[in-house]
Amino acid sequence: SSSSTTTTAQDEQELEQIKSIARRDASFLLIAAIAAVIFSWMELNAGNIEYRGINSDARLLSSPNNSYQIIDAGYIATTPLYNFLKENRDWNDFFALINTVVGVFAPFLYIAWQTFWVGDYVPAFKYLFISAMRSMCGWCTFLPPDPSYLMSFKDFPDIIQCLQKDCGDVETAQVNPF
């Protein structure tokens with residue numbers, strides 16, 4: 001009789017522990033989903049200056065004229081690669097996809113494994129914080145994109161934005177701001 005009471009108490013304790021873990025995971029998923037919706041909205045609307053209360057004349061202030069003639073060694077060194085990618089947009093898309101897979105989705109898989117398999121929420125909260133800061137800083141410091149930027153719908157965050165809206169032709173599409 002004593003051993004059955006102990007087993008029942010242990011079973012109840014294990015059940016409470018499982019419920020606690022399930023509540024923690026469900027709460028995290030809810031918070032992460034809400035944050036993802038907010039960050040997605042901010043990125044989808046980052047180029048819409050009307051949300052910031054800025055009139056359209058502000059775009060005239062951002063002229064690409066470089067009157068100081070600053071020498072950029074990185075620009076000079078990568079000009080042949082830029083010209084190649086500009087002429088071969090499929091290669092540009094390929095490298096953009098590699099950048100997205102290696103730079104975004106691979107770390108995301110690690111974070112998901114750490115969070116849900118190991119139970120360590122630190123990487124997930126760090127990622128959420130970084131995403132929040134990236135979205136807020138991008139929102140508050142919007143600059144017009146450089147006209148020479150080679151956009152690819154396979155690069156992050158464009159790949160996510162193009163899942164949510166029709167992006168059209170990459171050659172004529174408006175460059176996403178960040």
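Trainee: How many helices and how many strands does the secondary structure of the chain come to?

Mentor: This is a predicted model, in which local features need pLDDT of at least 70 and side-chain atom pairs count only at pLDDT 80 or more, while totals for chains, interfaces and linings use all residues. Residues are numbered from 1 along each chain as its sequence is written, and side-chain values use heavy atoms, with hydrogens and water left out. Helices (H or I, at least four residues) and strands (E, at least two) are DSSP runs, numbered from the N terminus. From the N terminus on, the elements run α-α-α-α-α, and the secondary structure comes to five helices and zero strands.

Trainee: Why are helix 3 and helix 4 called oblique to each other?

Mentor: Angles run from 0 to 180 degrees between N-to-C directions, and axes are lines fitted to C-alpha atoms, for helices over the stretch in contact. Angles under 35 degrees count as roughly parallel, over 145 as roughly antiparallel, 65 to 115 as roughly perpendicular and the rest as oblique. Helix 3 (residues 89-118) and helix 4 (residues 122-140) have axes 7 Å apart and pack at an angle of about 135°, and they are therefore oblique.

Trainee: Which residues of helix 4 make the contact with helix 3?

Mentor: Contact means heavy atoms within 4.5 Å. On the side of helix 3 the contact is made by Ile111, Gln114 and Thr115, and on the side of helix 4 by Pro123, Ala124 and Tyr127.

Trainee: Is Phe28 buried or exposed?

Mentor: Buried means under 20% relative accessible area, exposed over 50%, and partly exposed in between (1.4 Å probe, protein chains only). Phe28 has a relative accessible area of 8%, whereas Phe116, with 39%, is partly exposed. Phe28 is therefore buried.

Trainee: What kind of aromatic pair do Phe28 and Tyr121 form?

Mentor: Rings of Phe, Tyr and Trp (its six-membered ring) pair if their centres lie within 6.5 Å, and planes under 30 degrees apart count as stacked, over 60 as edge-to-face and the rest as tilted. The rings of Phe28 and Tyr121 have their centres 5.1 Å apart and their planes at 80°, so the pair is edge-to-face.

Trainee: Where does Tyr121 lie?

Mentor: Phe28 lies in helix 1, and its pair with Tyr121 ties together parts that are 93 residues apart in sequence. Like Phe28, Tyr121 is buried, and Tyr121 lies in the loop between helix 3 and helix 4.
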